[in-house]
Amino acid sequence: GKRLNSSFQNRSNPEYLSDLGNTIANFARQIPDGVLVFFPSYSVMEICHEHWQKSGIAARIEKHKTIVVEAKLSSEMGACVERYEELVQRGQGAMFFAVCRGKASEGIDFADRRARAVVITGLPYPPLKEPRVVLKRKYLDAIRPEQAQMLRAGDKVLTGNDWYQQQAYRAVNQAIGRVIRHRNDYGAVILCDDRFGSSAARDALSLWLRPRIHVCAGFGDASKELVRFFKANLSKPELNPPLARGPAASKSSFSTISSSSSGVGSAARGSGAGGAGAYLDRAIAAAGQSRVGVKTEITDLTRAPQAGGGSDLASLLGRPQTVIEYERPGSATPSGTPAKTPSKPLSTRWTAPVLDASEVRKRRLEQDAKEATMRKRLQSEMELDRKRKHLQSAFERSEKTREASEFMAFCKAALGSDAYNRFKQLLRQIKGISKDAGTANVIREATSLFMTARALFQGARDDSRETLLVEFVHYLPPGLRKIYRDTIMENATKP
């Protein structure tokens with residue numbers, strides 16, 4: 001079969017969409033309980049879902065798992081998660097279509113049956129032409145020489161492209177982290193894009209995952225490993241808590257954020273007929289240290305929302321804040337008996353958010369100001385870049401169309417008498433440059449004179465400035481023409 005690749009050029013290819021859909025449909029049949037499927041962006045998720053609905057692939061998936069699609073609006077996200085978890089708790093199985101850097105990839109707990117597998121369908125690169133991305137890449141490339149001097153030998157300078165790649169894999173690792181949430185949790189990580197097969201891609205994945213990645217020759221190999229993996233883990237009662245019944249079954253993890261241990265396990269990546277498979281060879285997690293203290297805030301509303309995260313200020317204000325009280329080591333419990341376990345919660349209660357409306361308004365204004373400044377800088381850089389390209393094109397098209405006497409007459413009319421007299425004096429100085437003074441001295445002297453000429457031309461009539469700048473090169477000695485062009489281009493954006 002063909003390899004799966006969700007690159008920009010391939011992601012709308014009907015053949016690729018069908019192959020990816022058939023792969024996920026087969027996974028839906030083999031993986032128990034809940035499955036999270038992460039797409040690079042909302043637009044890719046919509047393209048895939050629409051194609052699968054029209055082609056009947058979605059119906060094949062629905063035979064085994066009900067599809068729930070991540071909502072774009074924060075106000076609707078809670079209902080989506082609750083519906084997904086309710087389906088899982090009923091034992092019906094569900095598949096949650098979500099987006100890397102979206103609401104489901106950060107801050108929502110999909111422990112145990114809620115996520116027995118995470119499927120990554122592609123690399124979620126940030127929008128290439130988004131103003132923030134453009135400015136960040138240009139900034140890193142601009143400071144690269146300066147940073148190189150400050151680093152120690154062997155250290156690598158972060159370029160704009162390195163940062164761009166880093167953002168994609170950071171989002172992937174965040175999504176992968178949904179699958180293992182505590183020491184008795186287990187699940188599979190499936191990377192359905194052949195670009196994950198490169199050594200550079202594997203090095204960018206989380207440390208706990210790297211040594212456990214397996215490449216499968218085709219979908220058949222990945223399918224066998226998944227069956228073996230789940231057969232082994234489903235037989236262990238300690239890893240499979242019973243399904244919740246009654247009111248607890250409908251309780252969603254969207255409103256609370258559980259503390260989780262750091263996970264260690266194994267995963268595989270492959271591509272082939274209908275798709276690439278990755279699986280966890282083991283699903284064990286190192287036990288995290290329990291929280292100790294009188295009071296711990298689980299949801300920190302004083303932090304500004306992170307870019308690409310699933311929470312904005314408005315949704316944070318509408319979300320209850322969980323405060324859990326814990327026993328102090330050696331302290332007495334409310335009943336007066338000594339505390340034995342420092343990590344056992346005493347009670348859970350709800351408190352009002354700490355941010356008021358004025359603070360929200362202040363933060364929004366600050367964010368709007370930052371975005372306005374960034375847009376202004378981007379527009380300025382784009383305008384300067386346009387000027388450079390226009391001047392470069394003018395030099396390339398320029399031909400000598402006037403005699404020297406005609407050009408001087410044009411200069412006199414465009415500059416005015418005073419500037420014209422200074423220009424004639426400048427020509428005599430240029431003519432007197434000694435070619436025997438050494439290359440460095442010639443370049444330095446010529447550059448200084450050409451900057452003076454540029455300043456004179458900038459004071460000419462608006463309709464004559466570019467003509468003077470571009471045509472003057474044809475009347476210079478051949479050995480000075482390149483120096484003149486380089487001087488003008490390097491200072492093209494200066495006033």
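Q: Before any totals, what does "buried" mean here?
A: Buried means under 20% relative accessible area. The model is predicted.

Q: How many helices and strands?
A: The protein chain has 16 helices and 12 strands.

Q: What about contacts between residues 24 or more positions apart?
A: Take the contacts in the protein chain with a separation of 6 or more. Residues 24 or more positions apart make up 76% of them.

Q: Switching to helix packing. How do α12 and α13 sit against each other?
A: Helix α12 covers residues 404-415, and helix α13 covers residues 417-431. Their axes are 7 Å apart, at an angle of about 140°.

Q: What do you call that arrangement of α12 and α13?
A: At that angle, α12 is oblique to α13. The cut-off for roughly antiparallel is over 145 degrees.

Q: Is the crossing of α12 and α13 left-handed or right-handed?
A: The crossing of α12 and α13 is right-handed.

Q: Which residues meet there, in α12 and α13?
A: From α12, F407, M408, C411, K412 and L415. On the α13 side they meet S417, A419, Y420, F423, K424 and L427.

Q: How does that contact divide by class?
A: Eight residues of the α12 contact with α13 are nonpolar, one is polar and two are charged.

Q: Now α5 and α7. What are the angle and distance?
A: Helix α5 is residues 131-142 and helix α7 is residues 160-176. The two axes cross at roughly 135° and come within 7 Å. α5 and α7 are therefore oblique to each other.

Q: Which residues of α5 and α7 meet?
A: V133, K136, R137, L140 and D141 of α5 meet G160, N161, W163 and Y164 of α7. By class, the contact of α5 with α7 has four nonpolar, two polar and three charged residues.

Q: One more residue: where is S464?
A: S464 lies in the loop between α14 (439-458) and α15 (465-471).

Q: Is S464 buried or exposed?
A: S464 has a relative accessible area of 1%. The cut-off is under 20%, so S464 is buried.

Q: What does S464 touch, leaving out residues up to four places away in sequence?
A: With those left out, S464 touches F410 and A414. Helix α12 spans residues 404-415.

Conventions:
Residues numbered from 1 in each chain as written. Predicted model: local features only at pLDDT ≥ 70, side-chain atom pairs only at ≥ 80, totals over all residues. Heavy atoms only, no water. Axes fitted to C-alpha atoms, helices over the stretch in contact; angles between N-to-C directions. Helix = DSSP H or I, 4+ residues; strand = E, 2+ residues; numbered from the N terminus. Parallel < 35°, antiparallel > 145°, perpendicular 65-115°, else oblique. Left-handed = near helix turned anticlockwise from the far one by under 90°. Contact = heavy atoms within 4.5 Å. Nonpolar A, V, L, I, M, F, W, Y, C, P; charged D, E, K, R; others polar. Buried < 20%, exposed > 50% of the residue type's maximum accessible area, 1.4 Å probe, protein only.
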